[in-house]
Amino acid sequence: MWTFVHKLGSPKWCHALCARLQPGFWIAAGLLLAVGAVWSLAFSPPDYQMGDSYRIIYVHVPAAILAQSVFVGMALASAVFLIWKIKVADMAATVMAPFGAAMTFLGLFTGSLWGVPTWGTWWTWDARLTAMLIQLFLYIGVIALRGAYGRDDQGAKAVAVLTLVGVVNIPIIKYSVVWWNTLHQPATFTLTERPAMPASMWVPLLIMVLGFYSFFIALTLYRLRNEIMRRESRTRWVQALAD
Amino acid sequence: MAFDSFSAFLTMGGYARYVWPAWGLATLMIVGFVLWARRERRQLMQQLQRRRRREADSA
């Protein structure tokens with residue numbers, strides 16, 4: 001176990017491992033997203049109250065879940081980097097950030113589109129919505145801070161600290177629908193209860209969520225290889241790859 | 001099938017202007033990230049090759 005962890009910290013070994021893990025996740029992402037899209041757009045039944053507008057849920061919920069999971073992933077990587085000084089962990093946190101920011105924006109954007117026909121407004125300063133907006137600013141802050149230090153590992157510590165401080169917003173997002181009176185409906189998926197919607201609706205939703213996760217993992221592995229090669233571009237093993 | 005015809009599918013029960021932009025942006029992002037990551041890889045490889053050639057010339 002410990003030799004594995006130790007090896008994982010070696011850029012060269014990690015680069016090879018990413019290459020090996022990648023294809024499976026790309027295939028899974030492609031299949032899940034294709035099946036999920038067709039199922040949720042054309043085959044799942046319309047909602048008895050919201051009609052076909054509810055089909056936004058199939059991108060809204062996966063985007064919102066990823067917006068939070070990606071940040072947790074970045075926080076874990078940042079902790080590993082700060083505690084064990086493993087550079088690869090910092091690189092992983094770097095490559096995850098843009099996708100997380102995009103998912104946060106997608107969650108807000110699709111929520112706005114859904115809000116117009118169902119709530120009659122595209123935005124309200126509701127606890128869930130506001131916490132999500134803060135999440136978007138946190139992503140932008142993390143990306144901008146890294147950008148401000150220029151390339152490579154300067155400022156990596158500052159970015160890691162900001163990420164760990166920012167992760168406090170994740171439970172706030174999660175419990176915002178419980179702690180405050182909000183317009184937003186409670187979570188669709190919980191570990192303890194069956195979803196309130198019929199299987200013909202939540203199964204395609206689950207497929208979409210898994211598809212988004214697979215895509216995120218595949219993309220992260222791909223871009224982590226880029227980042228490793230870029231930062232280690234002076235080593236002989238990376239230069240040998242250019243042949 | 002939840003829709004009777006393809007045009008009904010496109011209309012989305014009157015919610016086309018909410019449903020399609022949501023799905024459109026999601027698709028754009030997924031495709032965009034793939035293209036971005038691939039371009040990143042291509043540029044990186046070109047950079048590595050350039051450096052290798054430079055070093056081969058000076059040696």
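Which residues of the largest nonpolar core touch the most other members? Hold that for a moment.

Ground rules. This is a predicted model, so local features need pLDDT of at least 70 and side-chain atom pairs count only at pLDDT 80 or more, while totals for chains, interfaces and linings use all residues. Residues are numbered from 1 along each chain as its sequence is written, and chains are lettered from A, with ligands numbered from 1, in the order in which they are written.

Back to the core. A:I56, A:V70, A:A92 and A:A93 touch the most other members, out of 65 residues. A nonpolar core here is a set of buried Ala, Val, Leu, Ile, Met, Phe, Trp, Tyr and Cys residues joined through C-beta atoms within 7 Å. Buried is 20 or more other C-beta atoms within 10 Å, exposed is 12 or fewer, partly exposed is in between, with C-beta atoms placed from the backbone. Chain B contributes too: its α2 (16–58) supplies at least two residues of this core. So do several helices of chain A, including α3 (57–84) and α8 (199–231). Helices are DSSP runs of H or I, at least four residues, numbered from the N terminus.

Take A:V70. A:V70 touches A:M96, A:F99, A:G100, A:M103 and A:F216, leaving out residues up to four places away in sequence. Contact means C-beta atoms within 7 Å. There is also a second, separate core of five residues, with A:L108, A:L129, A:M132 and A:I173 among them.

Next, a helix pair. In chain A, α4 (residues 87–119) and α5 (residues 127–148) pack at about 150 degrees, axes 9 Å apart. Axes are lines fitted to C-alpha atoms over the stretch in contact, and angles run from 0 to 180 degrees between N-to-C directions. That makes the pair roughly antiparallel, a label for angles over 145. Their contact has 13 nonpolar, six polar and one charged residues. Nonpolar is Ala, Val, Leu, Ile, Met, Phe, Trp, Tyr, Cys and Pro; charged is Asp, Glu, Lys and Arg; the others, Gly among them, are polar.

Now the chain contact. Chain A gives 32 residues and chain B gives 25 residues. On the chain A side, α2, α4, α8 and α9 each give two or more. The largest share, nine residues, comes from α4(A). By class, that side divides into 21 nonpolar, seven polar and four charged.

Last, A:W237, in helix α9 (residues 236–241) of chain A. Buried or exposed? A:W237 counts as exposed, because it has 12 C-beta neighbours inside 10 Å. Its C-alpha atom is 7.6 Å from that of A:K12, 225 residues apart along the chain.

Conventions. Angles under 35 degrees count as roughly parallel, over 145 as roughly antiparallel, 65 to 115 as roughly perpendicular and the rest as oblique. Two residues are in contact if their C-beta atoms, placed from the backbone, lie within 7 Å.
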